[in-house]
Amino acid sequence: MTWTNVVNAIMYNALLSPIAVGTAMAQQVRVLMEDTKARVTAVEVFKNTVYTVRPTTSYGAVWIALDDNATITRGHATATANRVRAGDAKTVEHGADVQFRNDNQSTARLIIVEVKEASQELTIGLFDVTTSLEDASDRNDTLLVAVSALQLRDTWNTGDESEWLPSKPNNIRMNPGDARWIRPGIHHLKNLGRRPAKFVLVEW
């Protein structure tokens, strides 16, 4: 890699991911979506690369691991290196940072959600759905991040909480690392795939 390419890569990384700081560069940084609530970035981390998530907004950030290749070497009160697993997800408060290191041959993949607006503390949940997931109560705006490839049928309640009036089903297909919003309300998510659907829900 020439010095020109190094400089261009650093500028590219800085422009796309203001909440991430790398002592060595990430292989690829890509903004998946951005709106008034959040900026969602996909990060692929090289072997022997340290990557640090450092929120720049007062609402903090959320990281989500898509594979088992990264190790947390600083942050979350970690005294020793802590291997992350696919589907692991945690918040990073403003003023704190979390450092990841990839010591594997394969690329480590992370999703970083920079929170731009929130009226309450976010709720984060990992789901491994074989058949279906049915909400028991109203859900606020929710970000769905796929950890595995998935096919879901989303049906939500068009009535009030006392009576289930199903909407027209909406089929959702996502690849690992894809992100999309789920509308507020009570949802029934049915797995249409042959394998369990693994995903993280971040509820505002």
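I began with Pro196, which is partly exposed at a relative accessible area of 40%. In these notes buried means under 20% relative accessible area, exposed over 50%, and partly exposed in between, with a 1.4 Å probe and protein chains only. The model is predicted, so I noted that local features need pLDDT of at least 70, that side-chain atom pairs count only at pLDDT 80 or more, and that totals for chains, interfaces and linings use all residues. Residues are numbered from 1 along each chain as its sequence is written, and side-chain values use heavy atoms, with hydrogens and water left out.

**Entry 1: Pro196.** I located Pro196 in the loop between β17 and β18 (197-203). Helices (H or I, at least four residues) and strands (E, at least two) are DSSP runs, numbered from the N terminus. I then listed what Pro196 touches, leaving out residues up to four places away in sequence: Asp128, Val129, Thr130, Ser148 and Asn191. Contact means heavy atoms within 4.5 Å. Ser148 is 48 residues from Pro196 along the chain, and their C-alpha atoms are separated by 8.4 Å.

**Entry 2: the whole protein.** I found one helix and 18 strands in the protein. Of its 204 residues, 42% count as buried. I also looked up contacts between residues at least 6 apart in sequence; 73% of them join residues at least 24 apart.

**Entry 3: the four-stranded sheet.** Which order do the four strands of this open sheet take? I read it as β12-β17-β14-β15, with antiparallel pairing. Two strands pair if DSSP finds at least two bridges between them. β12 (132-134) and β15 (170-174) are at the edges with a single partner strand each, so one side of each has no neighbour in the sheet. The twist from one strand to the next averages 20 degrees. Axes here are lines fitted to C-alpha atoms (for helices over the stretch in contact), and angles run from 0 to 180 degrees between N-to-C directions. I counted three bridges between β12 and β17 (residues 187-191), which run antiparallel. Glu134 has His188 in β17 as its bridge partner.

**Entry 4: strand β5.** I stayed with β5 (residues 61-65), which five bridges join to β10 (residues 108-115) in antiparallel fashion. Trp63 is opposite Ile112 in β10, and Ala65 is opposite Leu110 in β10. Four bridges join β5 to β8, again antiparallel, and Ala61 stands opposite Val92 in β8. Is β5 buried or exposed? Five of its five residues are buried, so β5 is largely enclosed by the rest of the structure. In a regular strand the side chains alternate between the two faces of the sheet. In β5, Ala61, Trp63 and Ala65 lie on one side and Val62 and Ile64 on the other, and both faces are covered.

**Entry 5: the largest pocket.** I noted a volume of about 170 Å³ for the largest pocket. On a 1 Å grid over the protein atoms alone, a pocket is an open set of points with protein on both sides within 12 Å along at least five of seven lines, while a cavity is a set of points where a 1.4 Å probe fits but cannot get out; lining residues have an atom within 4 Å of a point. Grid points are joined across faces, edges and corners, and a volume is the space filled by probe spheres set on the points. Among the lining residues are Ala61, Val92 and Glu93. The lining divides into six nonpolar, three polar and two charged residues. Ala, Val, Leu, Ile, Met, Phe, Trp, Tyr, Cys and Pro count as nonpolar, Asp, Glu, Lys and Arg as charged, and the others, Gly among them, as polar.

**Entry 6: Glu93.** Glu93 is in the loop between β8 and β9 (98-102). Glu93 is exposed, with a relative accessible area of 61%. Apart from neighbours within four places in sequence, Glu93 is in contact with Pro55 and Gly60.

**Entry 7: the cavity.** I searched the whole structure and found one cavity of 30 Å³ or more. The largest cavity holds about 60 Å³ of space. Its lining includes Leu133, His187 and Leu189.
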